[in-house]
Amino acid sequence: MESWELRFDTLEALRLSSKGRLSYCSRWQEDEAALEGCVAPVELSPYCGWVLDSLGGQLAQEITPPGTSTPKQSTPLPKRASAEKIPPGSSSPRSSTEPSETKENDHSLLEINQEDVPALLSSKVAKVEGCIRMYEEMHRLKAKERLRQRQEEQEQMVRAAYAQASEQLKRFDELRELKRHQEFQELQEVMEKSSKEAQGQQEKLKEEHRHRAKILNLKLREAEQQRQRQEELERLRKEEGQERLRRLYSIQEELLQLNQQIDPNYRHKDLPRIDLSAYSNRGNQICGLVSGLIRTTSERGFPTPADVASTERALQEMRGLISSMQQEITAALEEKKRKDEEEKKQKQKELEKKEQMKSQTPAPVLQSGGKQQKEGLQFKTEESIMQWYQQLQDGAEQCVAAFSEIGNCKGNTEVKKIKTNLQKAATIPVSQISSISGSKLREVFDKINNLLSGKPVQTEGQAVSVTQHPQGLEFVCYKLAEKFVRHGEGEVSFHHDSAFPIAVVLSGIWELHPRVGDIFLAHLHKKCPYSVPFYPARKEGTSMEEYQRMLGYEVHDSKVEEQDHFLKRMSGMIRLYAAIIQLRWPYGNKQGAHPHGLSYGWRWLAQMLNLEPLADVTAMLLLDFLEVCGNALMKQYGIQFWKTMFFIQKSYIPRIEAVTSSGQMGCLSRLKNFVQKCLQAEEIPLPKGILTPSFWRT
């Protein structure tokens, strides 16, 4: 507390002095450390004390001569000099080394004469003032040095702070960068996780989509199969309806023909006592009923089985009428014949009596001139051809015996199911043969070939194979050959162009599976004996119905089919046969021979021309055969074929005319025109509907 008061006193003294009125540099006020020296009390350094001591001794020596001392006249130092004390602990070298001398000088200064004080003071004040100035300058230099040092320290501190701030900023940037990287890494992990989740979800959706697509495909396939089954059923229904309609028409036509048979016998010339009017009236009623039924069924679409059954009953009734009428006529004729025989016997007896009355005379001698044999053709086919025919029939019978177990499976449900599936697998592809495109034809061929090769095939959604039963292959071969023949007599008879796609498929199957071809020929020869050709002879004990079946007619309930329908069926089968002998499956073995080629067709034509012609049948068969394969025979046999054509025109057609009635000249006229045009043009035209190479590219 005492030191602070002394400092304030010193400051007050300095303020009142001239020094207090000095102007100081304002920049000292900027630094608190620089102003510290001005605020602190004025202190003299040991140097200043030493200077004052030295000056005091010199002044004493100048004022007081040597050897004199006036201690009593000494006066004290001025207040300013006395006020400027040397701080405790600060001393000059002299004061420290010579304390006694300083005391003596001070004592001598006090003893200075009072008169000399102003002069002394002025010089001393100047020196003190100079010392103070020196001190101030030194203090200023020290302050300046300290300020410089302080500035350097501040600059070092600033640089250190700047360096530290820079380092902290770097650390902050590094930390921020680290956080940014961490956030980016976390964001990337989140994105990868979400991407994986999205990818997993997408895979799951894809799997669900594939599953749904698979289900939809299955449903579409099932729907397509159902549609195909429906179409197949609809087609079969239409075919059955058309077949029933054709059956109705044939029954109606037969009824009309039977009814016409009644009219000529309405009044029998030889039997005037017989009245057939009841038969005629009932026949007209039956024809009217059937005509009304056909009109009704035509309006509503296809006839039903009940309609067919009704017409068949009407036909049966008409046949019964004809039979009853014929029996009545036969009984009357027998009665008349019996009477005629009795009359003849009576006349014979009378003649014998007359002969006995005459004399016996020698019998006349017959003239024996050159015996002339009537020139004619054969009625029988060559023996070698008939042997071949019989071999085929025996092979077909052996085939039937080979599948006797599967053919007679009434009690075995499993075998019956296998039989039904195999029959469908064999017959349905044949029904699908058409001339739409070659690719469709190849599909049908592959189905049949795979079935005969033992491979499973799909039929109405089920896998069917001939290996399901030991007799399956024989059964399929027989049913397949039978279906081809039925297709020929049905489809080809109405659509002549269909003979070629059927024939080319059968030719390919025949080449790979000869068993099918042999059974086909056996069926064909049995259905159409003119394809051998031969005319079956009626043996003793053979009924008329059986003989008509041998000739190729269909006989149902003792009723023979109409001639027009019979000729159409024969035409269809001959056209199919003529197409087979000239066509080959284009994707088969081209190196091997045709299983039943043109040589068989040439043999058929030669044998046909060696037989006596039949009315209506021979002209139709020759025309169909020449229209279908005449061009192929012409290319194969050349001049020999034209010789045959010339023989047909000059010799064989007149023979046909000789046995043809005026109502059967249609086929003969077409044959004459065809042969004449071909001979004039010296060319046989290609058959209509022949399969061209472009067909197989579709």
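A salt bridge is counted here when a side-chain nitrogen of Lys or Arg lies within 4 Å of a carboxyl oxygen of Asp or Glu, and by that criterion Glu489 and Arg569 form one, with their closest N and O atoms 2.8 Å apart. The structure holds 26 salt bridges. The model is a predicted one, in which local features need pLDDT of at least 70 and side-chain atom pairs count only at pLDDT 80 or more, while totals for chains, interfaces and linings use all residues. Residues are numbered from 1 along each chain as its sequence is written, and side-chain values use heavy atoms, with hydrogens and water left out.

- Glu489 lies in helix H14 and Arg569 in helix H18 (residues 563-580), so the pair ties together parts that are 80 residues apart in sequence; helices are DSSP runs (H or I, at least four residues) numbered from the N terminus.
- Glu489 counts as buried because its relative accessibility is 10%, and Arg569, at 4%, counts as buried as well; buried means under 20% relative accessible area, exposed over 50%, and partly exposed in between, with a 1.4 Å probe and protein chains only.
- Salt bridges with shared partners link Glu489, Lys527, Glu554, Glu561 and Arg569 into one network.

**Pairs within one helix**

- Lys479 forms a salt bridge with Glu482, in which the closest N and O atoms are 3.6 Å apart, and because these residues are three apart in helix H14 (residues 472-494), about one helical turn separates them.
- Lys479 has 18% relative accessibility and therefore counts as buried, as does Glu482 at 16%.
- The side chains of Arg235 and Glu232 meet in a salt bridge at 2.3 Å, N to O, with both residues in helix H7 and three residues apart, about one turn of the helix.
- Arg235 counts as partly exposed at 23% relative accessibility, whereas Glu232 counts as buried at 15%.

**A surface patch of negative charge**

- Glu183, Glu186, Glu189 and Glu192 gather in a patch of negative charge on the surface, where a patch is made of residues with over 30% relative accessible area and no salt bridge, like charges being joined within 9 Å.
- The place of a charge is taken as CD for Glu, and Asp and Glu count as negative.
- Glu186 lies in helix H7 (residues 117-262), and because its relative accessibility is 48%, Glu186 counts as partly exposed.

Conventions: Patches are made of residues with over 30% relative accessible area and no salt bridge: like charges are joined within 9 Å, nonpolar side chains (Val, Leu, Ile, Met, Phe, Trp, Tyr) within 5 Å. Accessible areas come from the Shrake-Rupley method with a 1.4 Å probe; for residues, only the protein chains shown count as cover. Helices (H or I, at least four residues) and strands (E, at least two) are DSSP runs, numbered from the N terminus.
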